[in-house]
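Please open the structure in a viewer and keep the selection tool at hand.

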Amino acid sequence: MTTGAGDFELTMDELRVVTRYVVESVQEVLPAFEEAVPDDPRPRAAVDAAWEFVNGARRTKLQRVAALDAHRAAKEADSETARLAARAAGDAAAAAYLHPIAKATQVGHILRGAACAARVAELRAGDDPDVGDKLIEQARRRATPVLIDVLCRYPLAPTGKGRVAHLMSTLDASLRASR
């Protein structure tokens, strides 16, 4: 089964590969949110919704709602680490609805989770950029040929001035170069 009309086709199997990649990136940093905001289950619910889709469930309203809720939790968080962890969790659930539209903004749905996770790890290590660079390298090695093929259907990641944007661009370039 393929997704709706767009600039190219995406199959449900490809969407599951993308979602798995994002949720695997996010899972390790989710505690950064849960430690800061222990009574807010929204990012964890987004990760769980992403795993449900990855493990074969149909993509449903569950992933969309969980993604939006996690992004709301990110906006309400008081620390950068908590915000980034919640945003990454929202991206994991949202990956199930990646659009087959050749826009750079869609690349964020594929790579921003890994970039946010790397930035969270940097911050938790005293703002050490080497920690983030190592996580970006691990994310590059985890990428499957299917993920890279999907990524290469899109334009380059959007450029930005912040560290997360830099990490995302670095990951994007390294994945495309590995093709």
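A residue is called buried when its relative accessible area is under 20%, exposed when it is over 50%, and partly exposed in between, with a 1.4 Å probe and protein chains only. The model is predicted, and local features need pLDDT of at least 70, side-chain atom pairs count only at pLDDT 80 or more, while totals for chains, interfaces and linings use all residues. Residues are numbered from 1 along each chain as its sequence is written, and side-chain values use heavy atoms, with hydrogens and water left out.

**Cysteines**

Select C116, which counts as buried because its relative accessibility is 0%. Then select C152: its relative accessibility is 22%, so C152 counts as partly exposed. A disulfide is a pair of cysteine sulfur atoms within 2.5 Å; by this rule the structure has zero disulfides.

**Q63**

Helices (H or I, at least four residues) and strands (E, at least two) are DSSP runs, numbered from the N terminus. Move to helix 4, residues 61–76, and select Q63 within it. Is Q63 buried or exposed? Its relative accessible area is 1%, and Q63 is therefore buried. Show the backbone of A49 as well: its oxygen lies 3.0 Å from a polar atom of the Q63 side chain. Contact means heavy atoms within 4.5 Å. Leaving aside residues up to four places away in sequence, Q63 touches A49, E52, F53, R58, A93, A96 and Y97.

**Salt bridges**

A salt bridge is a side-chain nitrogen of Lys or Arg within 4 Å of a carboxyl oxygen of Asp or Glu. How many salt bridges does a search of the whole structure find? The search finds 19.

Select E34 and R44, whose side chains meet in one of these, at 2.8 Å from N to O. This pair links distant parts of the chain, with E34 in helix 2 (residues 30–36) and R44 in helix 3 (residues 42–54), ten residues apart. E34 is partly exposed, as its relative accessible area is 26%, and R44 is partly exposed at 33%.

Next, select D40 and R42, which form a salt bridge with the closest N and O atoms 2.6 Å apart. D40 has a relative accessible area of 13% and is therefore buried.

Continue to E137 and R140, where the closest N and O atoms of the salt bridge are 2.5 Å apart. Both residues lie in helix 7 (residues 129–142), three residues apart, about one turn of the helix. A further selection shows E80, R119, E122, D127, D133 and R163, which salt bridges with shared partners join into one network.

Remain in helix 7 and select A139. A139 counts as buried because its relative accessibility is 3%. The C-alpha atom of A139 is 6.7 Å from that of A114, although the two residues are 25 apart along the chain. Beyond residues up to four places away in sequence, A139 touches Y21, A114 and L171.

A nonpolar core is a set of buried Ala, Val, Leu, Ile, Met, Phe, Trp, Tyr and Cys residues joined through side-chain atoms within 4.5 Å. In soluble globular proteins, nonpolar side chains tend to be buried together. The largest such core here has 62 residues, and I110, L111 and L175 have the most contacts inside it. Finish at L175, which touches Y21, L111, R140, A143, L147, I148 and L151, not counting residues up to four places away in sequence.

Technical notes. Polar contact = N/O pair within 3.5 Å; in protein donor to acceptor, adjacent residues only side chain to side chain.
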